[in-house]
Amino acid sequence: MPLPLIIAGVAGVLGAGGHLIAKQTNEDAERVSRKAQHIYEDAKSSLESSRNEMEESLLAFGYAKTNVLDSSVKQFLQAFERLNNAGLNFKEKDSKLVINKQSALKLREMSNIYSSTISSGTAGAATGALIGLAASGSLSIVTGGVSLAGACLATGDIVGAAAIAGSSLSLGLSFTPLATIAAPIVLFTGISANINADENLEKANTMLAEAKKAVEQMKISETMCNAVSKKSEMLRSLLVDLNKVFANVAEELDNMTEGKIRNLNREIAEGDLSQEEEELAYVTYALAEAVNEIIGVPLVNKDGKLTSESQTVYDKVQNDYKEMIEEQPKSRTMFCTGCGKEIQHEVKFCNYCGKKNIYRED
């Protein structure tokens with residue numbers, strides 16, 4: 001065979017081999033790329049699920065706070081004002097603190113801020129305000145017009161600022177140090193036949209590395225979401241149980257002071273209360289302070305991390321009022337996270353708005 005034909009044949013074989021290697025490399029790049037997208041989407045889906053659960057938990061806690069502020073607290077504040085000149089000077093008893101004028105004013109302001117915010121806002125704003133109330137312990141920053149732009153979950157530098165604009169979660173958490181919780185952005189591009197196969201593989205490996213980094217970031221965010229959900233549910237449950245006791249004594253104190261003023265035909269002054277009536281006032285004041293602590297405690301600090309204060313408040317109130325709470329009949333009443341109306345624990349859907357009952361365990 002002539003030498004030129006032999007050389008051409010060898011070159012053809014080598015060329016075919018090169019194409020096979022390039023094809024294999026591109027297929028490897030495709031597999032790496034798909035793997036990157038798969039692990040990213042799984043982590044993103046899991047984070048979104050945890051984020052939604054956190055929203056529901058915060059809403060439930062917000063509705064519980066709302067109910068207490070609109071009922072028991074308002075009734076207590078009426079009685080508290082009537083006793084303003086009664087000369088009551090309770091000292092700490094059995095490690096229990098009693099509410100003072102400053103704390104009572106804080107409760108009144110909280111109730112007023114909530115009422116004005118909820119009544120003047122759209123449904124989404126109202127829901128966002130409830131989330132803000134639950135997560136921050138205060139709605140004062142709601143009226144400050146805090147911008148959502150540029151906000152991100154402040155757990156180091158781990159979360160990108162991908163917005164979830166328009167949702168009640170973004171609106172509510174923009175009022176708090178948590179701000180936006182979202183998956184970091186990773187750009188996945190297809191494998192191009194117009195560039196070198198090795199470049200395709202290098203690009204795919206880069207995407208995989210970025211996806212793995214994003215997954216780790218999302219896992220940290222998910223852990224944070226789960227922790228906030230758990231803590232908000234703990235405090236919500238404690239507040240609901242404590243309010244069973246507080247509502248009873250607040251009503252009794254309200255009735256007593258109203259009747260006392262009617263009988264005296266003047267304001268209540270120092271020395272007008274019997275020892276039994278002073279004891280009722282003390283118990284109610286102590287419970288009011290415990291309620292105030294739960295309502296006002298922030299779940300997260302300025303860095304977007306759970307506060308140690310929230311656990312301290314939970315432990316102290318639980319320890320101080322455990323016996324009182326256990327003496328009360330167990331209530332099965334909850335608050336729908338869709339409309340805020342009272343629902344029974346065992347119902348599957350809200351009777352008013354039809355939203356699924358998140359408390360029911362199927």
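1. Helices here are DSSP runs of H or I with at least four residues, strands are runs of E with at least two, and both are numbered from the N terminus. In these terms, α5 is followed by Asn265, whose phi is positive, near 60°. More on that residue comes below.

2. Basis of the note. This is a predicted model, so local features need pLDDT of at least 70 and side-chain atom pairs count only at pLDDT 80 or more, while totals for chains, interfaces and linings use all residues. Residues are numbered from 1 along each chain as its sequence is written, and side-chain values use heavy atoms, with hydrogens and water left out.

3. Overall make-up. The protein has seven helices and two strands. From the N terminus the order is α-α-α-α-α-α-α-β-β. Of the 362 residues, 44% are buried. Buried means under 20% relative accessible area, exposed over 50%, and partly exposed in between, using a 1.4 Å probe and protein chains only.

4. Contacts and surface. A contact means heavy atoms within 4.5 Å. Take the contacts between residues at least 6 apart in sequence: 76% of them join residues at least 24 apart. The accessible surface comes to about 18600 Å², and carbon and sulfur atoms account for 51% of it. Areas come from the Shrake-Rupley method with a 1.4 Å probe; for residues, only the protein chains shown count as cover.

5. Aromatic pairs. Rings of Phe, Tyr and Trp (its six-membered ring) pair if their centres lie within 6.5 Å; planes under 30 degrees apart are stacked, over 60 edge-to-face, and the rest tilted. The count is four aromatic pairs. One of them joins Phe76 and Phe246: it is tilted, at 5.9 Å centre to centre with 55° between the planes. Phe76 lies in helix α1 (residues 3-82) and Phe246 in helix α5 (residues 197-264), so the pair links distant parts of the chain, 170 residues apart. Both residues are buried.

6. A further partner for Phe76. Phe76 also pairs with Tyr285, edge-to-face, at 5.7 Å centre to centre and 90° between the planes. Here the link runs from helix α1 to helix α6 (residues 275-296), across 209 residues. Phe76 counts as buried because its relative accessibility is 1%. Tyr285 is buried too, with a relative accessible area of 6%. Ring pairs join Phe76, Phe80, Phe246 and Tyr285 into a cluster.

7. A charge over a ring. The charged end of Lys65 sits over the ring of Phe61, 4.6 Å from its centre. The rule asks for NZ of Lys or CZ of Arg within 6 Å of the ring centre and within 35 degrees of the ring normal.

8. Ala214. This residue is found in helix α5. Ala214 and Tyr40 are 174 residues apart in sequence, yet 7.2 Å apart in space, C-alpha to C-alpha.

9. Back to Asn265. Most residues other than glycine have a negative phi. Asn265 has a positive one, near 60°, and is not glycine. Its place is in the loop between α5 and α6. Asn265 counts as exposed because its relative accessibility is 71%.
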